[in-house]
Amino acid sequence: MELSKAENIIVIKDLIKTFGDKTILDGFNLNIQKETNVVILGKSGSGKSVLIKCIIGLLQPDSGSILVFNEDITQMNEDELDQARSKIGFLFQSNALYDSMTIRENLEFPLLRHWVDIDRAEVDRLVSEALENVDLLHTLEMMPSELSGGMLKRVALARTMILRPEIILYDEPTTGLDPVTSREIENLIIKLQKKNHTSSIIISHDMNCVKNTSDLVVLLLDGKCYTQGTYEELKQSTDKNIKQFFE
Amino acid sequence: MGLVLTMQLRPSLVDYGVESQLPVMVGLAIVREIGPVITALIFAGKIGSSIGAELGSMKVTEQIDAMTVSGIKPFKYLVATRVLATTLMLPLLTILGDAISLFGAYLGVNIRSVTSFSLFFLQVFKSLNFSDVLPAITKTLFFGFAVGIVGCYKGFNSSKGTQGVGISANSAVVLSSVLIFIIDLLAVQITELLGLN
Ligand SMILES: Nc1ncnc2c1ncn2[C@@H]1O[C@H](COP(=O)(O)OP(=O)(O)O)[C@@H](O)[C@H]1O
Ligand SMILES: [Mg+2]
């Protein structure tokens, strides 16, 4: 058991990503172990979203490697990527719910795609279960435009979880939400993580969220992993680059 | 359009003493050029901009990324369907537009001289050859294709923010309108080369 706990499920090595002449990631390294929640802290525009979009293969880095379950995402073809992506969930910053579809259709969409031969009853059961997990079963036939920001985030979370991913990437899950709703989302993240034994990367600069959800905090600065440690460790730090996040 | 065209052409034709050719002239102008191009331009303004705006907002709210992550090829799912629809629908709309325009022309003819409905259309259709209609409708397939592709391309390449969506919608209309004129010009050359005139 101890051995499997220490297993690295994501290994990022010397990742470099540029847009034009702007270098966003400049030799980023990170190892993530099974069943841990890693929070990535960094200023707005520091490349946090770019980093997790590289992990799921939405962006192709210039160089470096990203091993997920010991396979390099950056070397995969489309089919292999689809395969790998079915084990990775992604909660988008803007939720990315399809606004022309009902909540039910939104949740069915990834199911029908990734598990082609799934039967109707099973789809219905999984959709209800996922919505029940976030207490929103009553919104099943509604459109995304009828829901509030917090509800949308919960639906998006339900959609992300529906394929039972082993890794979940959260892009600023609490940004733009009021403190009460933020706490709700954090609790859901923790609850679902316990239930499904997932590992996650959470991008955030909401220190409450960082405190509540993190096992490990990584500070992204100038495209590199500036430091890493637990919330308490970083909180004690006297380094001004670290301190500014705790003020 | 048909009505205005008729009214404006009449004085010149009267000058040359060929007023009786009015239905033929107007019919040819509408079916060969004015119907297809004007319909396509309106189509670009309405459908091109809405495709640009729709895909643009899907892009900036990360819905397109979400599809990719869910294993859907956004190109197949979003672009192919839209381009197919615009390509097939524009010819049908053009035929409808032509019909309305010709009816307008009939009214225009009737303002000054009385022609029966059947006589007018008999004259129009007698003067129209297969070689007038076919190239005209064929080019609208390309117009429709251009409107669809440009709308999708601009939408997909929207920059961040709601402002980016407006820009994509707008530039989709401008670029597809310009393309319509270019394709139209090419179409004339090609029909000529093929000796269909
Ligand atoms: N597709 C792109 N093309 C060009 N520049 C981009 C693109 N995506 C992100 N960037 C740039 O990369 C930088 C980091 O962006 P991002 O990762 O979204 O920041 P954040 O840390 O706030 O999530 C920004 O300066 C942004 O302008
Ligand atoms: Mg971001």
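Colleague: How do the residues of the lining of the largest pocket divide into nonpolar, polar and charged?
Modeller: A pocket is an open set of points on a 1 Å grid over the protein atoms alone where a 1.4 Å probe fits, with protein on both sides within 12 Å along at least five of seven lines, and lining residues have an atom within 4 Å of a point. Ala, Val, Leu, Ile, Met, Phe, Trp, Tyr, Cys and Pro count as nonpolar, Asp, Glu, Lys and Arg as charged, and the others, Gly among them, as polar. For the largest pocket, the division is 7 nonpolar, 12 polar and 8 charged.

Colleague: What kind of model is this?
Modeller: Residues are numbered from 1 along each chain as written, chains are lettered from A and ligands numbered from 1 in written order, and side-chain values use heavy atoms, without hydrogens and water. Local features need pLDDT of at least 70 and side-chain atom pairs pLDDT 80 or more, while totals for chains, interfaces and linings use all residues, since this is a predicted model.

Colleague: Thanks! Which element gives the most to the lining of the largest pocket?
Modeller: The pocket has a volume of about 700 Å³, and it is lined by 27 residues, with Ser49(A), Val50(A), Lys53(A), Glu62(B) and Lys160(B) nearest its centre. Two or more lining residues come from helix 2 of chain A and also from helix 2 (22-60) of chain B. With 4 residues, the top contributor is helix 2 of chain A.

Colleague: How much of ligand 1 does the protein bury?
Modeller: Oxygen atoms of ligand 1 lie 3.4 Å from a polar side-chain atom of Lys22(A), 2.7 Å from a backbone N or O atom of Gly45(A) and 2.9 Å from a polar backbone atom of Val50(A). Taken alone, ligand 1 exposes 560 Å², and the buried part of that is 61%.

Colleague: Which helix gives the largest share of the lining of the second largest pocket?
Modeller: This pocket has a volume of about 400 Å³ and 20 lining residues, with Pro135(B), Lys139(B), Ala187(B), Val188(B) and Thr191(B) nearest its centre. Helix 2, helix 6 (130-156) and helix 7 (161-193) of chain B each give two or more residues. The lining divides into 11 nonpolar, 4 polar and 5 charged, and its largest share, 8 residues, comes from helix 6 of chain B.

Colleague: What is the volume of the largest cavity?
Modeller: In a cavity the 1.4 Å probe fits but cannot get out, and the count comes to 1 cavity of 30 Å³ or more. Its 16 lining residues include Phe90(A), Arg159(A), Thr160(A), Val69(B) and Ser70(B), the closest to its centre. The lining divides into 9 nonpolar, 5 polar and 2 charged residues. The volume of the largest cavity is about 170 Å³.

Terms used:
A polar contact is a pair of N or O atoms within 3.5 Å; within protein, one must be able to donate a hydrogen and the other to accept it, and residues adjacent in sequence count only if both atoms are side-chain atoms. Accessible areas come from the Shrake-Rupley method with a 1.4 Å probe; for residues, only the protein chains shown count as cover. Grid points are joined across faces, edges and corners, and a volume is the space filled by probe spheres set on the points.
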